[in-house]
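Welcome! Please have a look at the structure first.

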Amino acid sequence: MLNTLRMVSVPLVVSSIISSLASLSMKTSSSIGLRALVYYLVTTVCAVITGTVGIDIISMGKETKQSITLGDGMNQLDSLLDMIRNAFPDNIVEATLSKKQSVFSTSNMEIVNGSGSFGFNNTEDIIGRNMPVDVPIVTSVPGTNMLGLIVVSVFLGCVLSSMEDKAKPLVDFFQCLYQAMMRFAPVGLMFIIAAAVVQIERPTEALLEFAVFIPTVIFCLLLHGFGTVPLMFFLVTRKNPYIFIKNMSKALLTAFGSTSSAAALPFTMDNLIKKSKVNSRVVNFIAPIGATINMDGTALYIPMMAVFISHRIGLVLEPARYVVIGIGQDMSPINHEERILFAEICESI
């Protein structure tokens, strides 16, 4: 079942994004779409900041005694460049199997003159010799390039939307594929949780760690959902946000009980049109794509987990590393020993 669930992850993400975007009318709703995009970006950034600050506060002073400092300078730049490379894959089929990653390789560089470009005051004794220099090279590593697949799916969905009726057969295909893949998720989720629980070697220590982490996540989620987002609603509309939340209570309870924005989408659209009196054309445009890509909870939780784990294994994060984590790049330690250590901790948790 775990293998089956991993198998459907790529077609599920690709089909959901393409079908959502392809069903929108880009020509008639470009201004609404731009506003929605700005809103999604702002709320996501706020969620990332809230989660990162919250987990930093509770983790302060609890790092392991022997800290490991990640490399600085070029390493953060390489991570950002890797993200850009992965965002635009040169082979969509290969992107389902591998992704690009910069690694350091030692090369021998010959010094041919005494210009002092390597920082030596006297280079007469080393001219003509080979010096080992670490240089970054880009290579393919196993793993799904999900970022690249998402970017390609967004472009394809927009193109299909602009083709209107001509694209209907392909749009119907992706919509059917999405519905079929969703049927695997509820059963597979149970197996994922069960596998994670039985692999814990020291459950008591794990529970003590999560006794701090879980309440912090819940608090940050409540702060974002009932503080940040309602404040934005009030600043834009000058209306009471909590009345709007009350009108959306059925959709919110459904999303909470099913842990699925897609499952709550029918109730969301119904509450928006009937109770909140939002124009049906706006609802039909915004709600489906919002349920697919506006994942503030995930944007808040994932950086919290990355920072929490890094503190527990002694990784020292610089400001640039926080930016990389917040953007969504996988936090990957630089050298081989750190990568093995980080992988072991992630697997044990």
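Axes are lines fitted to C-alpha atoms, for helices over the stretch in contact, and angles run from 0 to 180 degrees between N-to-C directions. Helices (H or I, at least four residues) are DSSP runs, numbered from the N terminus. The model is predicted, with local features needing pLDDT of at least 70 and side-chain atom pairs counting only at pLDDT 80 or more, while totals for chains, interfaces and linings use all residues. Residues are numbered from 1 along each chain as its sequence is written, and side-chain values use heavy atoms, without hydrogens or water.

**Exercise 1.** Work out how α8 and α13 are oriented to each other.

*Solution.* Begin with the axes: those of α8 (residues 203-237) and α13 (residues 296-312) come within 11 Å and cross at roughly 150°. Next, angles over 145 degrees count as roughly antiparallel. The two helices, α8 and α13, are therefore roughly antiparallel to each other.

**Exercise 2.** Find residues of α8 that meet α13.

*Solution.* Look for contact, meaning heavy atoms within 4.5 Å. On α8, the residues include Phe213, Val217 and Leu221; their partners in α13 include Leu300, Met304 and Phe308. Then sort by class: the contact of α8 with α13 has nine nonpolar, three polar and three charged residues.

**Exercise 3.** How many residues of α13 are buried?

*Solution.* Buried means under 20% relative accessible area (1.4 Å probe, protein chains only). By that cut-off, 13 of the 17 residues in α13 are buried, leaving this helix mostly covered.

**Exercise 4.** Follow α5 to its end and beyond.

*Solution.* Helix α5 (residues 146-163) has 18 residues. Among its buried residues are Gly148, Leu149 and Val151. Just after α5, Glu164 takes a positive phi of about 55°.

Technical notes
Angles under 35 degrees count as roughly parallel, over 145 as roughly antiparallel, 65 to 115 as roughly perpendicular and the rest as oblique. Ala, Val, Leu, Ile, Met, Phe, Trp, Tyr, Cys and Pro count as nonpolar, Asp, Glu, Lys and Arg as charged, and the others, Gly among them, as polar. The expected span of a helix is 1.5 Å times one less than its number of residues. Buried means under 20% relative accessible area, exposed over 50%, partly exposed in between (1.4 Å probe, protein chains only).
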